[in-house]
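Here's a quick walk through a few local features of one protein model. Have the structure open and follow along.

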Amino acid sequence: MKNNASLAYAFLLVVGDFVALLAAFTAAYILRVKYDPRPLIDQIAAIPYFYAVATVLPLWILVHGFIGLYSHNTYEKRFSELGRLLVGSIIGILVVIGYDFSTDAKLFPARLVPVYGFLLGFGFLVLFRAFARLVRQSLYSYGIGVNNVLILGDTVVSSEIANSIANTVKTGHRVVGMIGREDRDFRIFASFEEALQKLKKPFDSIIQTELYRDQEKNNTILLYAQQHHVSYRFVPGNTDLFVGNITVELFGGLPMIAVHQTALTGWGRIAKRLFDFAASLVLVVLLSPIMLIIAALEKLTDPRGPVFLRQTRLTRFNREFTVFKFRTHKSAISGISDKEAFAKLGKPELYEKYKANGYSLKNDPRITRLGRFLRASSLDELAQLFNVLRGDISLVGPRALIPTELNTYEKKHAILSVKSGMTGLAQISGREDLSFDERRRLDVYYVQNWSFWGDIVILLKTLRAVLSGVGAR
C-alpha cells in the first residue's frame, strides 16, 4: 500500500509557501502605500499589484524547489530548513526584482516594497513551516500520515533502527513488526509469510538488515514490495563500508557499487579550498585588531614566553604540519610534551588522568590566567586562520591532533582522508564535554558524509557554540 503522506506534506508546503509569500507582499504594499506618506515611484492600484505579484511568485517557489526545500531530507531538519529558507528568500527576491527590471510590467509602486516583501516573506515562511510541522505531528498522534514499517533481519542494526523511529509522534514512523530479531518492545514474527498473514493493517515500508542464504526468500520479499508498491530499503551488514561517496557504475558490462572513503572528492575539494582561502583572508583582515591585542596581552602578562604555540599536528594523508595557536600554557613549559610538562610542574600523576580523560583536564595547572580566558572564548584558535590561508587545514574538518593522540584511534585512516579543520562536528556537539572516542566518531561521520552546505551549517553552529561557551574549558 503506497503511503502518500510525504507527497501530501510536500504539496502542502508548496501551497503554504506561496500563500505566505503572497501575504508578505500584500502586507509590504499596505505598509508602504497606505501608511507611508512619502511619494510613490508608480501609482499601482492594490488589485493589479496583487495579481501581478501572484503571477511572479511561482518563480520564487521554483527556487525553493531547486534548492531542495520540498525534499524530505531538508524539511525533516529544522536548522537545515531554516538556512535554506534564508538562501531561498535571497535568491527569490533577486529573481522577482530581476523580472521587474527585465520586463515592461511595473510591479512595485516604491523601492521599499520588495525590501519589506523580502523581510516579511522570510518571517512568514519560517512561521508557516513551524506551524506545518506542529500540524503534522498532531496528525501523527492520531495515526494520520504515519508510515508503517516492517523490519527484517537478526542484526543489532534492526534494533537500532526500530528504537530510533519508535517515537511515532516525532518521526512519523510506526514499527508494526520485526522478523528474526528478538525485541520485547516490538511485535515479533517468525517469518515474512507469518507477518503477511497476521498483520491486520498493510505496511508501507520494508527495511531489511541482512540477506538470507536462501536467495528465494530475498526475491520473495523484494517482489512483494514491488508488486504492492511498498518502499524497500536494505541496510548492508558492514555499515562502515557503505558510507561516504557511493556511486553505481558499469564495469565489464555489470553494475558495480564504487565506495570512496570520503564524500569530499572532485569539485568538492576545489570548492572547499576556494571558500577556505577567501573566507580566511577576509577573517584575518577583519580580526587582525583582536589578534594584535591578544599578542600584546601575551607579552604584557608573560614577557618571556612566545606569542604563538607552534606544535606538530596531523592533516590529510598523514602529513605533519606546524599549527599556530595563541599560547595558553606557562612559558616555562611551552613547547614541550604533555608528559614532560606535568613532570616539570611536579605533578606527573596528572598526566595519566589527562590522558584517560581524552587529553583534556579540568583546571589544568599548565594554563595561564590569560590562557583560560582565551580557551573559554576560543580566541586562542584565531591564529589557525593562518594555517587555513596556507592550506594546511580547512575551516571545517576533523580536529587537528598531535600524532601520539591520533595514533591511538583505530580509524585514523578515515579521519586523515581529508584536511583537518579549525572547527568540526565535535566542537558544535559539546566540545570538551565529549569523550575522546565520541569526538573521533563525529570526525569520522563528517569525513564520510561531507557536504558544502554541511560546512556552512557547522560554521554557523560553531559561532553559536562559541558565544554560548558550550563545552569550553
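## Helix 4 against helix 5

Keep in mind that this is a predicted model. Start with helix 4 (residues 78-102) and helix 5 (residues 112-141), whose axes come within 10 Å and cross at roughly 145°. The crossing of helix 4 past helix 5 is right-handed.

On the helix 4 side, the contact is made by Arg78, Glu81, Leu82, Leu85, Leu86, Ser89, Ile90, Ile93 and Ile97. Helix 5 answers with Pro114, Phe118, Phe122, Leu125, Val126, Arg129, Arg133 and Gln137. Sort the contact residues by class and you get eleven nonpolar, two polar and four charged.

Next up is an antiparallel pair: strand 8 (residues 308-315) and strand 9 (residues 319-326), joined by eight bridges.

How much space lies in the second largest pocket? About 940 Å³. Its lining takes in 36 residues, and those nearest the centre of the pocket are Ser6, His72, Asn147, His173 and Arg233.

Two or more lining residues come from each of helix 1 (5-34), helix 3 (72-75), helix 5, strand 1 (147-152), helix 6 (156-164), helix 7 (168-171), strand 4 (205-208) and strand 5 (231-234). So far as class goes, the lining of this pocket has 18 nonpolar, twelve polar and six charged residues.

Helix 5, then, turns up in two places: in the contact with helix 4 and in the lining of this pocket.

## The cavity

With a cut-off of 30 Å³ or more, the count is one cavity. The largest cavity holds about 40 Å³ of space.

Which residues line the largest cavity? They are Lys272, Phe275, Asp276, Ser394, Leu395, Val396, Phe452, Asp455 and Leu459. At least two of the lining residues come from each of helix 10 (267-301), strand 10 (394-396) and helix 19 (452-468). By class, this lining splits into five nonpolar, one polar and three charged residues.

Conventions: Residues numbered from 1 in each chain as written. Predicted model: local features only at pLDDT ≥ 70, side-chain atom pairs only at ≥ 80, totals over all residues. Heavy atoms only, no water. 1 Å grid on protein atoms, 1.4 Å probe; cavity = no way out; pocket = protein on both sides within 12 Å on 5 of 7 lines; lining within 4 Å. Points joined across faces, edges and corners; volume = space filled by probe spheres on them. Helix = DSSP H or I, 4+ residues; strand = E, 2+ residues; numbered from the N terminus. Nonpolar A, V, L, I, M, F, W, Y, C, P; charged D, E, K, R; others polar. Pairing = 2+ DSSP bridges. Axes fitted to C-alpha atoms, helices over the stretch in contact; angles between N-to-C directions. Left-handed = near helix turned anticlockwise from the far one by under 90°. Contact = heavy atoms within 4.5 Å.
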